[in-house]
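Visitor: I have just opened this one and would like a slow walk through it. Could you take my questions as they come?

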Amino acid sequence: IFYTILGRGGWDFAAGVALDANDRIVVVGSSRSPNFPLRNPIQTEIKSALSTAFVSRLTSDGRNLVHSSYIGGSSGEGLIGVAIDEQGNAFVSGGSTSKDYPLAQPVQPVSGGNADAVLSKISPDGRLLFSTFWGGPAEESFAGIVLRKDGMLFAITATGTEAFPLVDPIFSTPTSRT
């Protein structure tokens, strides 16, 4: 139906996509482009020498940005999961090695280790409503998320530590592959 390019001359990697109720397209990923296209941004610049995450919402025809922003800290991150609720809020997930990833009403206000899973909620007009680390002393990154109609959010990650924050776990210790 249409083709568009999101990025500007640097290394830009789209990893997740979803549609909101108005068929607007939400794209998440990571970028090294210092001039990535921004509109109503949460964050106006890359803080890392590596890559930083981005979240962009395009109109249903892909011709215009509703909002587009970097979201990251001074070390590096990427987003790969995105799910949209009935109000049009985008839940975005991935991983961060930054201790200063942007937070808003966090469940876990500090990084648990070298790399943590991150989860953020972005409003339909691009405001950061919620953002948190989620992890223990090992390296974690959310691989994907699913949002049920009742608002229950499911996320998947891997960890190598028993200190990963759990609520009502099926397994309370990491299992071995041997």
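Visitor: Which residues does proline 34 touch, not counting residues up to four places away in sequence?

Guide: Proline 34 touches Ile46 and Tyr70 once those sequence neighbours are set aside, and please keep in mind that this is a predicted model.

Visitor: Where does proline 34 lie?

Guide: You will find proline 34 in the loop between β2 (25-31) and β3 (52-58), and from proline 34 to lysine 47, 13 residues apart in sequence, the C-alpha to C-alpha distance is 9.7 Å.

Visitor: Does proline 34 count as buried or exposed, and why?

Guide: Proline 34 counts as exposed because its relative accessibility is 73%, and the cut-off for that label is over 50%.

Visitor: Now the inside. Which residues touch the most other members in the largest nonpolar core?

Guide: That core has 15 residues, and the ones touching the most other members are Leu79, Val82, Ala90 and Val92. Two or more residues come from each of β2, β3, β5 (77-84), β6 (90-96) and β7 (116-122), with β5 giving the largest share, 3 residues.

Visitor: Which residues is valine 82 in contact with, leaving aside its neighbours within four places in sequence?

Guide: Valine 82 is in contact with Gly16, Val17, Ala18, Val26, Val28, Ala90, Phe91, Val92 and Ile145.

Visitor: How many residues of β6 are buried?

Guide: In β6, 7 of the 7 residues are buried, so this strand is largely enclosed by the rest of the structure. Both of its faces are covered, with Ala90, Val92, Gly94 and Ser96 buried on one side and Phe91, Ser93 and Gly95 buried on the other.

Visitor: And how many bridges join β6 to β7?

Guide: There are 7 bridges between β6 and β7, which run antiparallel, and in this pairing phenylalanine 91 has lysine 121 of β7 as its bridge partner. β5 and β6 also pair in the antiparallel sense, over 7 bridges, and there leucine 79 stands opposite glycine 94 in β6.

Visitor: Which residue takes a positive phi in the hairpin of β5 and β6?

Guide: Glycine 88 does, with a phi near 90 degrees, in a hairpin that has 5 residues between the strands.

Visitor: What about the hairpin of β7 and β8?

Guide: In the hairpin of β7 and β8, which also has 5 residues between the strands, glycine 126 takes a positive phi near 95 degrees. Strands β7 and β8 (residues 128-134) pair in the antiparallel sense over 6 bridges, and isoleucine 122 has leucine 128 in β8 as its bridge partner.

Visitor: Back outside, then. Which residues form a nonpolar patch on the surface?

Guide: Val146, Met152 and Phe154 form that patch, and together they have about 280 Å² of accessible area. Methionine 152 lies in the loop between β9 (144-147) and β10 (153-156), and it counts as partly exposed because its relative accessibility is 41%.

Terms used: Residues numbered from 1 in each chain as written. Predicted model: local features only at pLDDT ≥ 70, side-chain atom pairs only at ≥ 80, totals over all residues. Heavy atoms only, no water. Patch = residues over 30% accessible without salt bridge, like charges linked within 9 Å, V, L, I, M, F, W, Y side chains within 5 Å. Areas by Shrake-Rupley, 256 points an atom, 1.4 Å probe, with all protein chains shown as cover. Salt bridge = Lys/Arg side-chain N within 4 Å of Asp/Glu carboxyl O. Helix = DSSP H or I, 4+ residues; strand = E, 2+ residues; numbered from the N terminus. Buried < 20%, exposed > 50% of the residue type's maximum accessible area, 1.4 Å probe, protein only. Contact = heavy atoms within 4.5 Å. Core = buried A, V, L, I, M, F, W, Y, C linked by side-chain atoms within 4.5 Å. Pairing = 2+ DSSP bridges.
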